[in-house]
Amino acid sequence: MQSAPFILPDDDHNRTLVDNVHPGNWTNPAPAERYNLVVIGAGTAGLVTAAGAAGLGAKVALIERHLLGGDCLNYGCVPSKGIIRAARAIHDVRTAHEFGVDGGESLPIDFTAAMKRMRRIRSEISPHDSARRFRDELGIDVFFGAGSFTGSDSVEVGGKLLRFKKAAICTGARAAAPPIPGIVEAGYLTNETVFSLTELPQRLAVIGGGPIGCEMAQTFARLGSKVTVLEYSDHLLSREDADAAEIVQNALMDDGVELCLRASILAVARRDNDKIITVEQDGKGMELAFDEILVGIGRAPNMEGLNLEAAGVAYDPKVGVTVNERLQSTNPRIFAAGDICFPYKFTHSADALARILIANALFMGRQKTSALTIPWCTYTEPEIAHVGMYEREAREKGIEVTTLTVPLSEVDRALLDGESEGFARVHLRKGTDRILGATIVARHAGEMINEMSLAMTAGLGLSAVGKTIHPYPTQAEAIKKLADAYNRTRLTPFVKKILSVWLKWQRKTQ
Ligand SMILES: Cc1cc2nc3c(=O)[nH]c(=O)nc-3n(C[C@H](O)[C@H](O)[C@H](O)COP(=O)(O)OP(=O)(O)OC[C@H]3O[C@@H](n4cnc5c(N)ncnc54)[C@H](O)[C@@H]3O)c2cc1C
Ligand SMILES: NC(=O)c1ccc[n+]([C@@H]2O[C@H](COP(=O)([O-])OP(=O)(O)OC[C@H]3O[C@@H](n4cnc5c(N)ncnc54)[C@H](O)[C@@H]3O)[C@@H](O)[C@H]2O)c1
């Protein structure tokens with residue numbers, strides 16, 4: 001029997017969570033003689049792989065060293081979106097005077113209550129990922145402990161040897177350690193510790209202006225922290241469409257977030273209760289004092305202890321397990337899915353890869369990751385959602401594009417909602433209605449992008465979107481307006497002239 005880990009704060013909600021995703025009284029089962037599939041790591045990729053394979057009749061073992069649910073449930077999507085919601089509520093109250101509600105600006109914020117709500121909902125979601133559900137409802141052998149390969153067809157966990165026909169490495173990734181002198185000694189938060197806070201840091205430094213940095217910087221600023229983002233590129237969300245990133249950057253500044261761009265962090269030191277960051281910006285050095293530092297500078301693959309050499313699985317220490325398009329590693333019996341092997345590190349891509357893995361590993365499938373259309377969304381306010389190619393990518397590939405943009409200020413519902421800062425943008429293969437990519441910046445861009453993803457996945461052109469009736473007034477009309485804009489591009493002077501001639505003739509006929 002194993003002792004359960006605990007998540008701080010050690011309250012009822014976190015105890016319920018842990019009781020589901022790593023129960024203290026758990027006894028690992030006696031291993032089967034041989035498994036169709038041994039899955040190492042029980043985040044989204046591992047859980048979906050294990051559940052899907054077992055549902056199709058496979059004998060499956062699932063190994064997890066910490067908490068079932070992985071980053072998404074415990075330290076990622078779920079807790080972050082929980083507190084983003086609280087921050088949004090506060091922002092709405094603070095800005096409600098525009099709608100005739102006075103006094104919201106001075107209402108107090110209860111950070112402790114906001115965090116507790118997040119912990120409650122996380123614990124309520126956790127039964128879905130529970131060890132008992134996977135064992136009792138899905139018939140999976142769940143082993144707690146670190147999995148380690150002992151050969152090309154066997155894994156060891158907690159002193160037990162598991163033999164397999166196929167294995168899936170789904171061990172995910174964790175916050176990359178910042179190569180900054182003194183930061184370890186001074187102490188810093190990552191996504192594994194920030195959601196355990198029970199007191200609001202008055203001054204918060206966020207190192208890294210990617211999705212984690214931006215979502216958390218805006219959230220903590222709205223919750224009442226004085227936030228500074230230190231980012232070494234010259235703007236936030238540098239992978240996104242530059243116009244989209246600029247809108248979000250301005251929104252963060254409106255929320256009071258200070259930006260230190262082109263920042264080269266030289267050192268961190270502790271001085272009394274302060275954490276001092278020494279930073280150089282445009283050749284000028286300065287010292288900034290904070291109560292806490294949150295780091296979100298990318299991810300590092302979880303490979304330590306897996307003993308991949310023993311299994312003949314090649315890897316790159318920075319990138320993760322090496323797989324081909326069919327998710328097969330250099331050992332044909334061993335596959336991988338999720339953050340451990342894929343550049344698009346999202347819960348929904350981990351889920352999609354798990355489905356490919358099951359088909360290819362167990363049923364001789366030939367599915368390829370390159371066939372996937374993967375959207376994503378950063379849940380700032382406004383949100384940035386994207387699918388397919390960016391314009392620069394298309395041009396780099398030598399594809400000629402037509403880019404169409406509809407600002408939300410031209411969409412009635414966005415104006416009525418007071419949410420007109422944003423746009424819908426589509427990139428078409430020049431001379432056609434074929435959608436190469438799309439970016440949406442809107443309060444609910446993550447919901448709106450699905451229409452574009454569906455069109456791309458189903459091979460529908462923008463004209464099909466244009467023929468689809470969108471309810472009025474909705475913000476998704478921005479997408480319909482993109483199609484209208486495309487139709488207007490087809491109205492060349494020649495076509496227009498023919499139509500005019502026809503209509504003129506019509507006026508003369510009975
Ligand atoms: C703050 C934050 C917010 C995020 N928000 C979103 C979002 O809104 N939307 C979205 O789509 N994505 C989001 N993500 C990304 C998403 O969480 C990940 O892409 C997803 O969790 C990847 O799933 P995975 O199964 O590959 O890996 P993980 O979730 O990391 O799971 C891997 C599991 O393997 C276990 N493990 C590792 N090594 C071993 C071993 N040797 N033996 C046994 N077990 C092992 C780990 O303990 C872990 O439980 C967010 C991430 C973070 C950090
Ligand atoms: N909404 C979502 O889907 C969501 C939310 C959060 C995280 N995620 C996933 O988690 C991944 C990791 O997110 P992330 O934000 O940690 O990584 P990231 O790689 O996306 O962004 C990191 C940022 O940190 C900057 N940076 C790196 N080193 C730095 C340094 N020393 N000083 C200053 N700046 C530095 C980079 O320029 C970059 O802008 C994302 O790529 C995404 O896949 C997704």
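**Helix packing and ligand shells**

Author: Happy to! In this predicted model, helix 1 (residues 12–21) packs with helix 5 at an angle of about 25 degrees, and their axes are 8 Å apart.

Reader: So are helix 1 and helix 5 roughly parallel or roughly antiparallel?

Author: Helix 1 is roughly parallel to helix 5, because angles under 35 degrees count that way.

Reader: And is the crossing of helix 1 and helix 5 left-handed or right-handed?

Author: Left-handed, as helix 1 passes helix 5.

Reader: Nice. Which residues make the contact?

Author: From helix 1 come H13, N14, T16 and L17, and from helix 5 come R119, R120, R122 and S123. By class, that contact holds one nonpolar, four polar and three charged residues.

Reader: Let's move on to helix 4. How does helix 4 pack with helix 5?

Author: Helix 4 (residues 77–94) meets helix 5 (residues 111–125) at an angle of about 140 degrees, with 9 Å between the axes. The two helices are therefore oblique to each other. Their crossing is right-handed.

Reader: Which residues does each helix bring to that contact?

Author: Helix 4 brings V78, P79, G82, I83 and A86, while helix 5 brings A114, M115, R117, M118, I121, R122 and I125.

Reader: And how does the contact of helix 4 with helix 5 divide by class?

Author: There are nine nonpolar residues, one polar and two charged in the contact of helix 4 with helix 5.

Reader: Great, now the ligands. How many residues surround ligand 1, and which are the closest?

Author: Ligand 1 is surrounded by 39 residues, and G41, G43, G70, G172 and G338 are the closest.

Reader: Which elements give two or more residues to that shell?

Author: Those are helix 2 (44–55), strand 2 (60–64), helix 3 (70–75), helix 4 and helix 11 (347–362). So helix 4 turns up again, giving residues to the shell because it is one of these elements.

Reader: What about the classes around ligand 1?

Author: The shell around ligand 1 has 16 nonpolar, 17 polar and six charged residues.

Reader: Last one: what surrounds ligand 2?

Author: Ligand 2 has 26 residues around it, with G208, G210, I297, G298 and K345 the closest. Helix 8 (211–223), strand 11 (263–271) and strand 19 (376–378) each give two or more residues to this shell.

Reader: Which element gives the most?

Author: Helix 8, with four residues. By class, the shell around ligand 2 has 13 nonpolar, nine polar and four charged residues.

Note on methods:
Residues are numbered from 1 along each chain as its sequence is written. Chains are lettered from A and ligands numbered from 1 in the order in which they are written. This is a predicted model: local features need pLDDT of at least 70, side-chain atom pairs count only at pLDDT 80 or more; totals for chains, interfaces and linings use all residues. Axes are lines fitted to C-alpha atoms, for helices over the stretch in contact, and angles run from 0 to 180 degrees between N-to-C directions. Angles under 35 degrees count as roughly parallel, over 145 as roughly antiparallel, 65 to 115 as roughly perpendicular and the rest as oblique. A crossing is left-handed if the near helix is turned anticlockwise from the far one by less than a right angle, and right-handed if clockwise. Two residues are in contact if their C-beta atoms, placed from the backbone, lie within 7 Å. Ala, Val, Leu, Ile, Met, Phe, Trp, Tyr, Cys and Pro count as nonpolar, Asp, Glu, Lys and Arg as charged, and the others, Gly among them, as polar. A residue is near a molecule or strand if its C-beta atom, placed from the backbone, lies within 6 Å of it.
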